[in-house]
Amino acid sequence: MKKFRKVLDGLTTSSPGGTIGSPSCGSAAGTPTAAPTPKEIDVQETLASENFQLCKTVRHGFPYQPSALAFDPVQKILAVGSRSGGVRILGRPGVDCYCQHESGAAVLQLQFLVNEGALVTACADDTLHLWNLRQRRPAILHSLKFNRERITFCHLPFQSKWLYVGTERGNTHIVNIESFILSGYVIMWNKAIELSTKTHPGPVVHLSDSPKDEGKLLIGFESGTIVQWDLRGKKADFRIYYDEAIHSVSWHHEGKQFMCSHSDGSLTLWNLRNTTKPFQVTFPHGKIQKDGRKESCKPILKVEYKTSRNSEPFVVFSGGLSYDKAGRRPTLTIMHGKAITVLEMDYPIVEFMALCETPYNNEVQEPYAVVVLLEKDLIVVDLTQSNFPVFENPYPMDIHESPVTCTAYFADCPPDIIPILYSIGAKHKKTGYSQKEWPISGGTWTLGSHTYPEVIITGHADGSIKFWDASAITLQMLYKLKTSKVFEKPKQGEGRAAELVEEDPFAVQMVSWCPQSRIFCVVGISAHIILYRFSKYDANTQIVSLEVRLQCEPEDVISPSENENNPCFSEPGSHSPQTYHQHPASPSSGTPEGIKDSIPCLKVKDRVVRVPPGYQAELVIQLLWVDGEPPQQVTSLDINSAYGLLAFGNCNGLAVVDYLQKTVLLCMSTLDLYGATDPYQRLTRSPRRNRQSTSGLTELSDNQQSIDMERSKSPTSDHVNGHCTSPTSQPCSAGKPRVPMGPEGPRLTRRGPGRPPFRKAQSAACMEISLPVSHTEESRENSFSRSRSSSVSSIDRDTKEAITTLQFGESYGRKSDALPTPCLWVGTSLGVVLLIPMSIPTDQEERMEEPVTIGPSGAVLMLKGSVLSFGFLDCMGALIQSPYEVWRDLNAPEDPDRPRRNKLVHFSPSSSQDTCGEGHLAVVCSERQAKVFLMPSQSCLFVHNITESSFVLRADVVSVCNSVCLACFCANGHVMTLSLPSLRPLMDVNYLPLTDMRIARTFCFTNGGQALYLSSPTEIQRITYSQEMCDNLQEMLGELFTPIETPEAQNRGFLKGFFGGNAHTFDREELFGEAAAGKASRSLAQHIPGQGGMEGMKVAASGAVGELARARIALDERGQRLGELEERTALMMTSAETFSKHAHELMLKCKDKKWYQF
């Protein structure tokens, strides 16, 4: 524990311009300043670097770009591989594990070691990996890298330790799973086919052992050749040459026949008694045309042939539709006897797999479900019911149902909020699911002791909002809200609406939620804000619409010259935004010339609507078109239920709305907020130009050059030039074309004044940033580096000052204030902090009638870079929360005995002090630095320059380990924490090597040392930076492996065993072991020991068999050390033999020489 004693500045009256450069603010990172004063502050900081460690906790959502599927029929766990090298292992709800191959190579195939707690992955870099699943965090035990062959197919027979590996050259290799060493036994392609065959059979596409005899291996080649290889005799039993390419093969459980799927949409059934021609050929979806020919069909990519004891066999396949049915969705076909059922899917099928009761391939299979892996969904079909219903998926696989555009994370919610949201959301759940239990039920998971209510909110491109229960590292859908229901549907041919029909006008840009008062606010891409209140009752309501004219003349642009000391202020009001308060907007508003003016982008429903229980819209605020120019997007928002106020800003200015009285209290340009305290010199520009240039969520241009230019700009603020291109202020450009004037230059400007700024709302998930290579010392930004072309510099100089962050709270608006009052803290893209005090009537009746008075106080604080966040501490270092109103249901029936009154909860800065008026600390963080100010004196106590080479994307004051710290996420991928109030660096981890726009837009911190971001367009990654949570993570995660007895094989009977071949006498070790087959060529494959071998086993060695397991590990380690000793001994012996040989040669050479000849 370290004590920080700080002598505070007196009430100085230095100008803001002097403050930023004066030594009192401290120029060195983390260097506090001191001035003699009678007051002292004593803060004991309890956090140290030992309290922080960064690690991933859990990943939610659908695996992005899936590529492979596997199922363990005994453990009942499912594995999904992806093109980025990820593997998701799923069991019962709560059992969800994510693993990642370091190489990032696509996963081609997955094979479980059934009931062994291990998984084999085959990757596109021709490497096999063995994963140990007997630990909560799986690790690689062995890897085998093929050097001269490309892996195309793998097969691991049940209860075998020998893995068959087919290659692109047509060869089949055999790998020992225990040692991960290649056997010397190889089935070469030229031995498998007849010598008279003139063409290469192609890659191996199928491998399987015969159910009748494990000593027979069926090899399928792409060209249509099928060979049954006798492993003992090392010869082919039969060869089949078929005209059509083969995609898959599936055995009947008796081993007397098998089915193939082909590229012409046909299924062939082959009988082993006669392999010269197929026993049966069917085109399930191919009809006979009028001329007698079959219509051509698409390939059947996979078929599964599964027998059932009490009914006809099931034949399940994907594809095979006729080509003439264009536009039909991907299908899965289930043939059961004469009945053919075609299931249409929403997305292309990647892989499917029938789930059977038995793991033995020579028993009646009894399929009960089919798992279908689609490109963007996972579906399980119930085969036990004739209508084949799907199971209700317990995993959150639909996060990406509409692309995610924003996220919010709340880790300290009131305990009653999750049950109430769940009860409301449960009423709208879909029906028609299978009544049976979810079949993927493996693993164990228990609710840990370190759980507390957590909620994740996702905003989407279609305007929908989803609330998720994120408690105890799980994720479950609570409630869905559709913001588009507030507006009329745009109709084709209806003027401005017609231009938006193809777009996403309702895309969610940001959300603000107060869990205590249950007030919820949504900012949309069409410059609209919707305020929702929560109610358990349905209601008839008319939504109030407020329209705000927040568009400024371009006179508030900063002068690029510091020498001009004659700021040009226009008359008050000449560039101030004007407000219009209307009920529903008039769609016909506009000038006679057709230039849109004073109309919003969307039309709010102007009739009484019935709203169900849950979140109900109360107020819609829309920014208006001005002189044919669309409104700028909202860049910042805050709402306070105790004050009844809502504040928002964009690059033009700030507006404050009283949502209780439904009035606009303040609507001013950023320049007017300064008054006489403006620290910058401004230039008047004329004439007005087309300023709108869309960015943010709608940045999607056909001009790739313009996108690259936009994304390559650095969001730093330069106080000399006065230009800023912060990510938060990007939508607020003064509207110069953002492309260099070239052949494609004017393409961005062709929209003209009459065309709205909306383009297809691009989700935060799919936004990536271009990283131009810079060769100058001046632009050494890591990932969001600035292009230094003259055109970009001129754009930067024209950029206006945006409102980047807002926060209501009890503070001191003026230095002379003795008591705290309601204030609004305003941060801008130029690093300026403004304080706006307010006077709010305290009586409930007066509050609804008397106006709230509000006005800038002239207080200005300054930092480097765009302001990102505020936080408030009392003088003991404890976090001060914003005041809020306790939730009450406005639609609840009146109780005459208990009249309704507002219950406000205030956290006054002086509440923890012995005497009133002690002051408080304000923590302000920008893209470059963090500062701690003492209020009301506004003196800077501590300053820390967070980064010089990059910039901060997200910063929040959060509570960790019963204390508070400042958490920062930088564009170069670093996650940092700083102590408060002293701003000492506590942790700095290079977590992400490269940051793209998706992560930048969705990264958010929360209390308890947690954070999240969208790791892919379909997945949410949660991380923790708390050492305590890292320590408890093992307890919170689910167990993938549970000890289960392997089911016994059925008694085959004497006659079946006698006539069915000698399958059970087959000894693979005898054939494939080193003694019989010899060693494989060392150059063919390279064995790589896994990193998680011994470490993983140590983690797994716990519980009832812990001592035995530890003893086994000790023996293994001893054996490993003995092996190393043996290797060293052999090396020494070799070295000794070499030395002896050289010495003998030297002796022979010199023995006949005389002494003088040496």
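The structure holds 27 aromatic pairs. Keep in mind that this is a predicted model.

**Stop 1: Tyr395 and Trp438.** Select tyrosine 395 and tryptophan 438 and show their side chains. The two rings form an edge-to-face pair, with 5.5 Å from centre to centre and 85 degrees between the planes. Now look along the chain. Tyrosine 395 is in the loop between β30 (378-382) and β31 (404-410). Tryptophan 438 is in the loop between α3 and β32. The pair thus links distant parts of the chain, 43 residues apart. Are these two residues buried or exposed? Tyrosine 395 has a relative accessible area of 8%, and it is buried. Tryptophan 438 comes to 11% and counts as buried.

**Stop 2: Tyr991 and Tyr1013.** Next, select tyrosine 991 and tyrosine 1013. Their ring centres are 6.1 Å apart and their planes stand at 70 degrees, so this pair is edge-to-face. The cut-off for that label is an angle over 60 degrees. Tyrosine 991 is in the loop between β65 (985-990) and α8 (997-1002). Tyrosine 1013 is in strand β67 (residues 1010-1016). Tyrosine 991 has 15% relative accessibility and counts as buried. Tyrosine 1013 has 3% and also counts as buried.

**Stop 3: an aromatic cluster.** Select Phe410, Phe467, Tyr479, Trp513, Phe520, Tyr532, Phe534, Tyr615 and Trp887. Together they form one aromatic cluster. The charged end of arginine 518 sits over the ring of tryptophan 887, 3.9 Å from its centre.

For another arginine over a ring, select arginine 134 and phenylalanine 1041. Arginine 134 lies over the face of phenylalanine 1041, at 4.1 Å from the ring centre.

**Stop 4: helix α3.** Select residues 417-426, which make up helix α3. Which of its residues are buried? They are Ile417, Ile418, Ile420, Leu421, Ile424 and Gly425. These residues cover an arc of only 165 degrees around the axis, which puts them on the same side of α3. Now show the strands they pack against: β32 (455-460), β33 (464-469), β34 (476-482), β35 (508-514), β37 (528-535) and β43 (614-623).

**Stop 5: a sheet of three strands.** Select β28, β29 and β30. They form an open sheet in the order β28-β29-β30, with antiparallel pairing. Which strands stand at the edges? They are β28 (349-356) and β30; each has a single partner strand, so one side of each is left without a neighbour in the sheet. The twist averages 20 degrees from one strand to the next. Strand β29 (residues 367-374) pairs with β30 over five bridges. Zoom in on alanine 369: its bridge partner in β30 is aspartate 382.

**Stop 6: a sheet of four strands.** Move on to the open sheet with the order β44-β45-β46-β47, again with antiparallel pairing. Its edge strands are β44 (636-640) and β47 (663-669), each with a single partner, so one side of each lacks a neighbour in the sheet. Neighbouring strands are turned by 10 degrees against each other on average, direction ignored. Five bridges join β45 (residues 645-649) to β46 (residues 653-658). Within them, find leucine 646, which stands opposite valine 657 in β46.

**Last stop: the whole chain.** Zoom out. The protein chain has 14 helices and 69 strands. Of its 1158 residues, 57% count as buried. Among contacts with a separation of 6 or more, 63% join residues 24 or more positions apart.

Note on methods: Residues are numbered from 1 along each chain as its sequence is written. This is a predicted model: local features need pLDDT of at least 70, side-chain atom pairs count only at pLDDT 80 or more; totals for chains, interfaces and linings use all residues. Side-chain values use heavy atoms; hydrogens and water are left out. Buried means under 20% relative accessible area, exposed over 50%, partly exposed in between (1.4 Å probe, protein chains only). Helices (H or I, at least four residues) and strands (E, at least two) are DSSP runs, numbered from the N terminus. The arc is that of the directions from the helix axis to the C-beta atoms. Contact means heavy atoms within 4.5 Å. Rings of Phe, Tyr and Trp (its six-membered ring) pair if their centres lie within 6.5 Å; planes under 30 degrees apart count as stacked, over 60 as edge-to-face and the rest as tilted. A charge sits over a ring if NZ of Lys or CZ of Arg is within 6 Å of the ring centre and within 35 degrees of the ring normal. Two strands pair if DSSP finds at least two bridges between them. Axes are lines fitted to C-alpha atoms, for helices over the stretch in contact, and angles run from 0 to 180 degrees between N-to-C directions.
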